[in-house]
Amino acid sequence: MMLFQKYTPLYVLIAIIFLMISCEKVVELDLDDAKQMLVVEAIVHDSLGDNFVKLSKTKPFNDNSVGYETISGALVIVTDNLGNSFTFTEATAGNYNCPTLEGITGRAYFLTVNVSGKVVTAQSVMNPKVNLDSLSHHKIDRPFNDPNEPPEYSIRTYFFDTPNYTNYYRIKAFNKGVQEKGYIVLNDDLLNGGIAVFPVFRVNYAENDTAVIQLLSIDEANFRYFNAIASSQNGEVPGNPETNLVGEDVVGYFGAYAKSERRLIITPLP
Amino acid sequence: MLKSLSFTLFLFISATVLAQEKFTLSGNIKDASDGEDLVGVTILVKELPGVGTVANLYGFYSITLPKGKYTIQYKYLGYKTIAFVADLSKNIKNNIQLVSGSTDLNVVEIIAEKENQNIRSNEMSVEKISIKDVSSIPVLFGENDVMKVLQLLPGVKSAGEGSSGFFVRGGNSDQNLILLDEAPVYNASHLLGFFSVFNPDAIKDLTLYKGGIPAQFAGRLSSVVDIKMKEGNSKKFKAIGGVGILSSRLTLEGPIVKDKSSFIISGRRTYFDMFLKLSNNEDIKNTILYFYDLNLKANYQFSDKNRLFISGYFGRDNFGFANRFNFNYGNATATVRWNHLYNDKLFSNTSFIYSYYNYKIDIIAAGFSINSQIQDFTLKQDVDFFWNGNNKLKFGASAIHHTFYPGEISSTGESVGDSKIENRYGIESGLYVSNEQKFNESWSATYGVRYSNFTQIGPGEFYTYNTQGKATDTTVYKENNVVVTYHGIEPRLSLNYVLNESTSIKTSYNRMYQYLHLLSNSSGGNPTDTWLSSSNNVKPEIADQVALGYFKNFKNNTYEFSVETYYKAMQNTIDYRTGAEITLNPKVEGELLYGKGRAYGLEFYLKRKKGVFTGWISYTLARTEVQYDKINKGAWYPAKQDRTHDLSFVAMYDISERLKISSTFVFYTGNAVTFPTGKYVIDGQTINLYSDRNGSRFPNYHRLDLGLTLEGKNYKMVTNPETGLKEKKDRRIHSSWNFSIYNVYARENPYSYSFRENEENPIITEAVQLSLFKYPLPAITYNFNF
């Protein structure tokens with residue numbers, strides 16, 4: 001359950017105690033260079049042509065040049081459990097798309113990527129869509145706030161978690177057309193059906209922004225992947241999250257997502 | 001049952017008595033100044049070299065000898081030796097009070113004679129710390145802490161900068177059993193691990209067992225830290241206290257009935273938040289940040305044969321921002337003990353123990369709170385049977401009822417509904433017998449065996465998981481139905497071969513079972529870590545350890561030297577899947593991986609015990625590795641607590657009777673960690689790419705601390721009105737000042753590293769090092785007693 005870690009400002013406590021005596025600085029570490037890996041990011045949504053497969057390569061941590069190496073000329077095919085087959089075409093370098101594919105709830109989707117003979121496969125099931133019923137915004141009342149700073153707002157989502165069904169959710173937040181940072185996933189272990197009121201953690205908006213929030217129904221493998229990616233970055237047990245991609249030297253994920261989207265204009269609140 | 005048992009033993013004794021007429025000398029040993037029980041006093045028979053005994057945990061001793069006249073000597077480090085001529089033509093009871101002899105030079109020489117308990121005793125891999133010894137060692141913020149001193153000993157490693165957590169011989173921090181008056185303390189630290197919960201004024205002593213663990217202890221793989229609270233002064237009322245930069249302490253102790261009954265009450269509270277009140281900022285002003293400890297103990301001697309002890313501990317950390325957020329956590333323990341003497345050879349102790357830990361987080365702004373706790377009830381029976389001069393038998397039984405409350409969310413507002421992770425229940429029980437036997441002048445051994453059992457009981461829904469960690473099946477158990485039972489035989493053995501009065505070789509073996517496991521994602525431990533019981537999925541952890549040691553005293557026991565080597569094999573150890581959710585996860589058992597571990601090392605220890613210059617050097621060369629099928633492709637790799645070199649140097653020098661200086665220096669190899677080796681982008685954000693778990697290292701850690709203690713004059717010069725001469729007169733109030741500097745040469749030891757995108761330019765990724773102490777950190781403490 002993510003909400004717990006996100007809300008527990010233990011770091012604030014450490015910060016207060018050691019404010020005067022601690023020291024944070026950027027250091028140059030001599031890090032081993034890992035073997036270059038293939039990066040696959042692939043989503044099929046439940047609307048026509050709303051899909052993408054991005055192919056690129058990893059680079060060393062200390063390599064601060066712009067951009068990543070993209071992979072062109074790969075063979076990208078998505079099939080479903082009814083035998084339909086969709087071939088993706090490369091729109092821009094490393095970005096593949098299929099305008100005729102529309103994801104359908106209940107179907108399993110199979111991805112095959114062939115990069116000069118090296119094959120990566122994956123599968124994902126499209127779970128039933130859960131409607132994002134409404135959004136609300138709330139002024140953030142944070143300790144040590146400077147009253148002269150412009151106010152910031154957080155968003156809460158309202159949706160109905162289907163009872164007797166194991167749901168997994170991903171929430172994406174956008175501002176001015178750009179996706180906000182952070183991976184938000186949720187399972188219904190502690191919801192068990194009923195109305196869910198769930199805050200969009202760490203994503204803040206300013207007055208008069210338009211918040212666009214997506215509620216995505218995802219499968220368990222995607223839940224585990226994004227849950228792990230969020231907590232594996234600088235934790236005590238860092239590592240590459242378990243992926244649903246099958247192949248050698250590959251990182252990333254493949255997801256079939258049912259999407260519900262709402263927007264909200266952030267009106268000033270007292 | 002006990003009656004019939006003692007009857008059987010009685011028959012045994014009668015049989016021996018018939019063979020040769022023997023009589024028993026027994027009694028209690030106390031400190032003459034304050035009436036505290038003296039634990040571990042050596043009792044020797046001058047006429048029979050090599051024959052003797054050692055007083056037990058409650059200061060009781062008993063020795064059985066053939067009829068005759070003997071000179072009995074009572075010897076204890078730092079006390080004057082008492083000799084007593086016993087005419088053993090009948091059983092004799094002799095209660096002894098020993099006088100502290102640290103100021104009398106002649107006495108020091110007398111006791112020096114037989115200060116070779118470390119050579120004679122079968123115990124190895126055991127460290128004892130007396131509170132009196134630790135007060136002058138410099139520590140962080142001037143807060144005296146036995147747990148910090150523990151970390152300076154061989155085989156014991158600090159869990160991190162400033163942390164009171166520790167690792168023993170490659171074990172994890174949850175593999176240490178920390179007992180306060182027999183009650184397990186589930187989270188022994190305050191303020192996120194920087195201070196231990198043990199208020200030095202309330203503590204009498206600490207014993208650490210890191211190998212050859214005696215059969216009466218069980219439940220953790222790596223070590224037992226047995227901490228005893230003071231009983232309270234049974235002679236006169238006393239107050240002890242101190243004022244430091246971080247906290248103040250006050251202890252009151254005294255007799256309830258002189259020489260029969262005493263009490264102690266001891267409190268400590270930090271006042272960091274008082275300084276915050278001075279701030280102009282409303283938010284800082286309303287910040288709550290403190291911890292406190294309260295220790296209470298009383299004992300009453302009903303008769304020569306019956307004595308009752310009641311002790312308790314309560315401590316809490318509080319942290320919050322008014323009206324927004326509140327986080328508090330702490331332990332509570334209570335122990336009721338009844339000492340009973342069945343006869344002059346059979347000493348019994350019955351304990352009832354309660355232990356509790358919880359944390360509570362109120363997120364007032366979001367309208368919900370989180371609560372988690374663990375609670376134990378223990379019933380324990382231990383018997384010491386002082387069979388004869390060569391055999392000392394111990395046996396007993398214990399049963400613990402555990403209740404685990406992993407977590408509950410209760411909502412006060414609209415956001416987030418109520419939910420609760422099911423409680424878990426377990427019964428941990430054990431039976432043991434152990435004998436300390438002296439075969440001849442050279443050979444002696446302590447051998448025993450323990451049977452331990454853990455039964456997980458309902459009610460509840462129990463899941464089974466597949467190899468991916470996905471719950472595949474659910475079984476419902478009713479209240480008190482058995483879910484699963486584990487049990488095992490735990491042999492314990494220590495063997496001692498005394499080469500001469502100053503040299504011995506010892507070896508030991510022990511097997512330990514651990515049925516409780518701490519879920520923690522930080523090495524030092526967080527207050528929100530929860531304990532998990534062994535279950536249908538989680539098997540008990542098992543460790544086998546062998547150790548071999550050489551012990552030598554030099555210069556009339558002024559120097560103690562030891563070298564020990566150990567090998568420990570561990571089974572069913574626990575680690576987590578990458579990115580596991582371990583807090584408030586009802587299916588947390590699916591996030592666990594099970595593997596094995598091995599730890600081996602060589603420990604050197606040289607200590608100077610006497611004189612104006614005292615201290616020690618300890619050095620450990622060690623390796624700790626683990627193996628999990630799903631991590632690093634199943635290869636063995638270094639555990640995070642693997643440190644090749646670990647060196648501690650402690651020196652204390654008495655410049656004069658009133659002025660002492662001290663210094664500590666530590667150096668150790670950095671922890672094994674996982675640093676990223678590459679990066680890539682997911683959803684427009686940079687993600688670190690990792691290769692091997694624990695494939696990198698922190699830089700080496702080193703630090704120097706200095707301390708200075710200035711004792712106030714404990715006398716004043718008064719003119720005697722009769723003689724007109726000036727005379728020394730004792731002051732009622734004794735006081736001292738303690739000054740210390742932590743991290744003298746301002747070494748920026750890293751506390752953590754984070755790897756992140758640069759704030760201005762997300763294309764650039766950078767490694768950011770956090771060091772807690774950038775400057776030398778001075779502290780000052782004023783101590784008093786009257």
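**A walk through chains A and B**

Chain A holds 3 helices and 17 strands. Here helices (H or I, at least four residues) and strands (E, at least two) are DSSP runs, numbered from the N terminus. This is a predicted model, in which local features need pLDDT of at least 70 and side-chain atom pairs count only at pLDDT 80 or more, while totals for chains, interfaces and linings use all residues. Residues are numbered from 1 along each chain as its sequence is written, and chains are lettered from A and ligands numbered from 1 in the order in which they are written.

Start with chain A. Of its 270 residues, 37% count as buried. A residue is buried if 20 or more other C-beta atoms, placed from the backbone, lie within 10 Å of its own; with 12 or fewer it is exposed, and in between it is partly exposed. Two residues are in contact if their C-beta atoms, placed from the backbone, lie within 7 Å. Among the contacts in chain A with a separation of 6 or more, 65% come from residues 24 or more positions apart.

Chain A is divided into domain 1 (38-125) and domain 2 (129-241 + 259-265). Such bounds come from an automatic or database domain assignment. The centres of these two domains of chain A, taken over C-alpha atoms, are separated by 25 Å. Across the boundary, 5 residues of domain 1 of chain A are in contact with 5 residues of domain 2 of chain A.

Now follow β17(A). Two strands pair if DSSP finds at least two bridges between them. Strands of a sheet pair through backbone hydrogen bonds, either parallel or antiparallel. β2(A) pairs with β17(A) in the parallel sense, over 8 bridges. Here A:H45 stands opposite A:Y257. Strand β16 (residues 210-218) of chain A also pairs with β17(A), over 8 bridges, but in the antiparallel sense. In that pairing, A:V212 has A:R263 as its bridge partner.

Next, the meeting of the chains. The contact takes 64 residues from chain A and 69 residues from chain B. On the chain A side, elements giving two or more residues include α1 (2-7), α2 (10-18), β1 (23-27) and β17 (250-265). That side has 35 nonpolar, 17 polar and 12 charged residues. Ala, Val, Leu, Ile, Met, Phe, Trp, Tyr, Cys and Pro count as nonpolar, Asp, Glu, Lys and Arg as charged, and the others, Gly among them, as polar. Strands link the chains too: 5 bridges join β1(A) to strand β52 (residues 765-771) of chain B, and the two run antiparallel. A:K25 has B:Q769 as its bridge partner in β52(B).

Strand β12 (residues 176-180) and strand β17 (residues 223-229) of chain B pair in the parallel sense over 5 bridges. B:L179 has B:D226 as its bridge partner in β17(B).

B:L179 also belongs to the largest nonpolar core. A nonpolar core is a set of buried Ala, Val, Leu, Ile, Met, Phe, Trp, Tyr and Cys residues joined through C-beta atoms within 7 Å. Of the 75 residues in the largest one, B:V146, B:L150, B:L179, B:I203 and B:V225 touch the most other members. This core draws at least three residues from each of domain 2 (126-226) and domain 3 (227-705) of chain B. Apart from it lies another core, of 65 residues, among them A:A34, A:I43, A:F226 and A:I229.
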